Amino acid sequence: KDINFQIQPGEKIALVGMNGAGKSTLIKLLCRFYKPTRGRITLNGRDIETIPYTQYIDYLSVVFQDFKVFAFTIQENIEMGISHDKQRLVSAIEGADLTACMASLPKGIETNLFRQFDDNGMELSGGQTQKLVLARSLYKNAPIFILDEPTASLDPLAEYELYHHFYEIA
């Protein structure tokens, strides 16, 4: 309520508060899932509501508390229809700290998730799945990263390592 702040290019901020304080709501406002009831949100001085939505979402790479992975290959879950770029894929996997996990899988990034379409499909752990979704956000390579408690199912050490590593590459 009555929030006013600016984020400068290259700046990293964290919004910290009690449950129900509105952190996720603010993120949903930034993503244009909701419209502000008062005031406005601007990007480089331009009201985000005036930017065509398909153009606006290209600016954002968001990892929500609730996320989905699909019964596709790991590579397809990371690229999500964005044209294949091998170096960017490798960088996203490294950035999300998934390299060792991918190396341990018989088919690596070509491993199918779940068994709907592949009897040998894999189910990743909660932490591995969160890292996969982080790799997806890195692969998108949008200028604005938004993380809404993406480490909820990681243990404290893994959470620290992931945030530390993500901070370095973001």
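**A guided tour**

Visitor: What does methionine 102 touch, not counting residues up to four places away in sequence?
Guide: A contact here means heavy atoms within 4.5 Å. Leaving out residues up to four places away in sequence, the partners of methionine 102 are Ile74, Ile93, Gly108 and Ile109.

Visitor: Before we go on, what kind of model is this, and how are its residues numbered?
Guide: This is a predicted model, in which local features need pLDDT of at least 70 and side-chain atom pairs count only at pLDDT 80 or more, while totals for chains, interfaces and linings use all residues. Side-chain values use heavy atoms, with hydrogens and water left out, and residues are numbered from 1 along each chain as its sequence is written.

Visitor: In which order do the elements of the chain run?
Guide: Helices (H or I, at least four residues) and strands (E, at least two) are DSSP runs, numbered from the N terminus. The chain has seven helices and four strands. From the N terminus on, their order is α-β-β-α-β-α-α-α-α-β-α.

Visitor: What is the radius of gyration of the chain, and what does the globule rule give?
Guide: The radius is taken over C-alpha atoms, and the rule is 2.2 Å times the number of residues to the power 0.38. For 170 residues the rule gives 15 Å and the chain is close to that, so it is as compact as a globular protein of that length, with a radius of gyration of 17 Å.

Visitor: Which residues of the largest nonpolar core touch the most other members?
Guide: A nonpolar core is a set of buried Ala, Val, Leu, Ile, Met, Phe, Trp, Tyr and Cys residues joined through side-chain atoms within 4.5 Å. Buried means under 20% relative accessible area, exposed over 50%, and partly exposed in between (1.4 Å probe, protein chains only). Of the 23 residues in the largest core, those that touch the most other members are Ile74, Ile78, Leu98, Met102 and Leu132.

Visitor: Which helix gives the largest share of this core?
Guide: Two or more residues each come from helix 3 (74-79), helix 4 (86-95), helix 5 (99-104), helix 6 (126-140) and helix 7 (156-169). The largest share is six residues, and it comes from helix 6.

Visitor: How many residues are in the second, separate core?
Guide: Leu43, Ile48, Tyr56 and Ile146 are among its members. The count for this second core is eleven residues.

Visitor: Why are the buried residues of helix 1 on the same side?
Guide: In helix 1 (residues 23-30), the buried residues are Lys23, Leu26, Ile27 and Leu29. The arc is that of the directions from the helix axis to the C-beta atoms. These residues share a side of helix 1 because they cover an arc of only 155°. Their cover includes strand 3 (60-63) and strand 4 (144-147).

Visitor: What arc do the buried residues of helix 4 fall within?
Guide: The buried residues of helix 4 are Leu89, Ala92, Ile93 and Gly95, while the face turned away from them carries the exposed residues Lys86 and Gln87. Seen down the axis, the buried ones line one face of the helix, because they fall within an arc of 165°.

Visitor: Which residue follows helix 4 with a positive phi, and what is its value?
Guide: Most residues other than glycine have a negative phi, and most peptide bonds are trans. After helix 4 comes a residue with a positive phi: aspartate 97, near 60°.

Visitor: Is lysine 131 buried or exposed?
Guide: Lysine 131 lies in helix 6. Its side chain makes a polar contact with the side chain of aspartate 97 (3.4 Å); such a contact is a pair of N or O atoms within 3.5 Å, where within protein one must be able to donate a hydrogen and the other to accept it, and residues adjacent in sequence count only if both atoms are side-chain atoms. At 16% relative accessibility, lysine 131 counts as buried.

Visitor: Where is arginine 32, and what is its relative accessible area?
Guide: Arginine 32 has a phi near 65°, a positive value in a residue other than glycine. Arginine 32 sits in the loop between helix 1 and strand 1 (42-43). This residue is buried, with a relative accessible area of 17%.
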